[in-house]
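Here is my note on the model you sent.

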Amino acid sequence: MAFLADSLSRIKPSATIAVTNKARELKAAGRDVIGLGAGEPDFDTPDNIKEAAIKAIRDGQTKYTAVDGIPELKKAIVDKFARENGLTYKPSQVSVGTGGKQVLYNALLATLNPGDEVIIPAPYWVSYPDIVLLGGGTPVFVEAGIETGFKMTPEALEAAITPKTKWLIFNSPSNPSGAAYTAAEIRKLTDVLMRHPQVWVMSDDMYEHLVYDDFVFATPAQVEPGLYDRTLTVNGVSKAYCMTGWRIGYGAGPEALIKAMATLQSQSTSNPSSIAQWAAVEALNGPQGFIPEHNKVFKERRDLVVSMLNQANGLTCPTPEGAFYVYPSCKGTIGKTAPSGNVIKSDDDFVTELLESEGVAVVQGSAFGLAPHFRISYATATSALEEACKRIQRFCGNLR
């Protein structure tokens, strides 16, 4: 009798974490490696947020809290949705988890039954399909390729919906492509969803504040109020507030769903860190001026990386609207021979040879469901990005 659960065989380790770990191991072994796999800002958490955490410790806010968030944080989240998204929620409609990933996990595990289908546009964040599989559901992938700017078309969405469809996972701005949907583009998708009342929307807005070139962010329940009662809008403090390690994510939606998610969380992790919750209160309620300052730097880095990658032989790199990723195609390198003598047959081969030859760690597109591409995170020092792109240009120039 097998010791490990059958459900574990349905999933695989996170590819983005694997690349980051591989880069760390090579660095520890003395290799000169530039890691561009991690999806976290290189900026430090702002001081006012740190001070709020220190104050929480000194004030003795170190006990268990309500399972899915302290009242002060739930109020800050309610205020944020009203202020920034025109969405009205009550605290009882808000769930706080240990990172956005737990909120997504709770929602899917609390709602999926065997045979339920979940539509996931590809390229997708690596964890979406695996969480669906853990919950006993069936991921249904809708390709959103480079020709549509990595955005799902309404026709493709319509074609993917069946009577078994329970959720659409919608991520804008996107990890891994950085693609972001305008309100008009979202409207075309929500028009489709309004014709299919059995389909719920999970909107992952984690990169909401990381947009460039005067792009205006919108979220589905804001664009189509008719979807309010079947939408879970998920966000967090990790990316915009440079708080990846603090592990605070949140979601807002119908009360019955939020209650079910709290039940699940009560039997898994219980409450998120009390100290991180108080830091998140300050993040949401405090000064926001550092966000546009950070975005100015991110935009400069994006433009640098896009320009340099488009000068590399065999690569094509669209300019993304948001997040801090680019998702270039390496189609033009397939079939060529690397300096090692190995033939590049896939994006997996491309990233392996790039790491071995030039010490640049990126993530293969196959991990995100759309090949042949690779993902670069430009949330790292500009000097490191420039050097990495020079190495990528050299690597591509040496392919024969």
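1. Leu 8 is partly exposed, because its relative accessible area is 43%, and partly exposed covers the range between under 20% (buried) and over 50% (exposed). Keep in mind throughout that this is a predicted model. Leu 8 sits in the segment before helix 1, which spans 15-28. Together with Phe 3 and Leu 4, Leu 8 makes a nonpolar surface patch of about 400 Å².

2. Next, Lys 90. Lys 90 belongs to the loop between helix 3 and strand 2 (94-97). Its relative accessibility is 46%, so Lys 90 counts as partly exposed. Asp 44 is 46 residues from Lys 90 in sequence. In space, the two C-alpha atoms are 32 Å apart.

3. Gln 61 is a loop residue too. Its loop runs between helix 2 (47-58) and helix 3. With 33% relative accessibility, Gln 61 is classed as partly exposed. How far apart in space are Gln 61 and Ser 274? Their C-alpha atoms are 6.5 Å apart, although 213 residues separate the pair in sequence.

4. Now the largest pocket. Its volume is about 950 Å³. The lining holds 41 residues, and Ala 38, Gly 39, Glu 40, Lys 239 and Thr 244 are the closest to the centre. Which element gives the most to this lining? Helix 1 does, with eight residues. At least two residues each come from helix 1, strand 1 (34-35), helix 4 (100-111), helix 5 (127-134) and strand 12 (374-377). By class, the lining of the largest pocket has 17 nonpolar, 16 polar and eight charged residues.

5. The second largest pocket has a volume of about 230 Å³. Fourteen residues line this pocket. Nearest its centre lie Lys 101, Tyr 105, Ser 127, Ile 131 and Leu 134. Helix 4 and helix 5 are the elements that give two or more residues to this lining. Both helices also supply at least two residues each to the lining of the largest pocket. The lining of the second largest pocket divides into six nonpolar, five polar and three charged residues.

6. How many cavities of 30 Å³ or more does a search of the whole structure find? It finds three. The largest cavity holds about 120 Å³ of space. Its lining has 14 residues, with Pro 121, Pro 123, Asn 171, Ser 174 and Tyr 181 nearest the centre. Strand 5 (residues 165-171) gives the most to this lining, namely three residues. Are there charged residues in the lining, or none? There are none: 10 residues are nonpolar and four are polar.

7. The second largest cavity holds about 40 Å³. Its lining consists of Lys 80, Glu 84, His 209, Asn 235, Gly 236, Tyr 241, Tyr 250 and Leu 284. Helix 3 (71-85) and strand 7 (231-236) are the elements that give two or more residues here. Three lining residues are nonpolar, three are polar and two are charged.

Definitions and conventions. Residues are numbered from 1 along each chain as its sequence is written. This is a predicted model: local features need pLDDT of at least 70, side-chain atom pairs count only at pLDDT 80 or more; totals for chains, interfaces and linings use all residues. Side-chain values use heavy atoms; hydrogens and water are left out. On a 1 Å grid over the protein atoms alone, a cavity is a set of points where a 1.4 Å probe fits but cannot get out, and a pocket is an open set with protein on both sides within 12 Å along at least five of seven lines; lining residues have an atom within 4 Å of a point. Grid points are joined across faces, edges and corners, and a volume is the space filled by probe spheres set on the points. Helices (H or I, at least four residues) and strands (E, at least two) are DSSP runs, numbered from the N terminus. Ala, Val, Leu, Ile, Met, Phe, Trp, Tyr, Cys and Pro count as nonpolar, Asp, Glu, Lys and Arg as charged, and the others, Gly among them, as polar. Patches are made of residues with over 30% relative accessible area and no salt bridge: like charges are joined within 9 Å, nonpolar side chains (Val, Leu, Ile, Met, Phe, Trp, Tyr) within 5 Å. Accessible areas come from the Shrake-Rupley method with a 1.4 Å probe; for residues, only the protein chains shown count as cover. A salt bridge is a side-chain nitrogen of Lys or Arg within 4 Å of a carboxyl oxygen of Asp or Glu. Buried means under 20% relative accessible area, exposed over 50%, partly exposed in between (1.4 Å probe, protein chains only).
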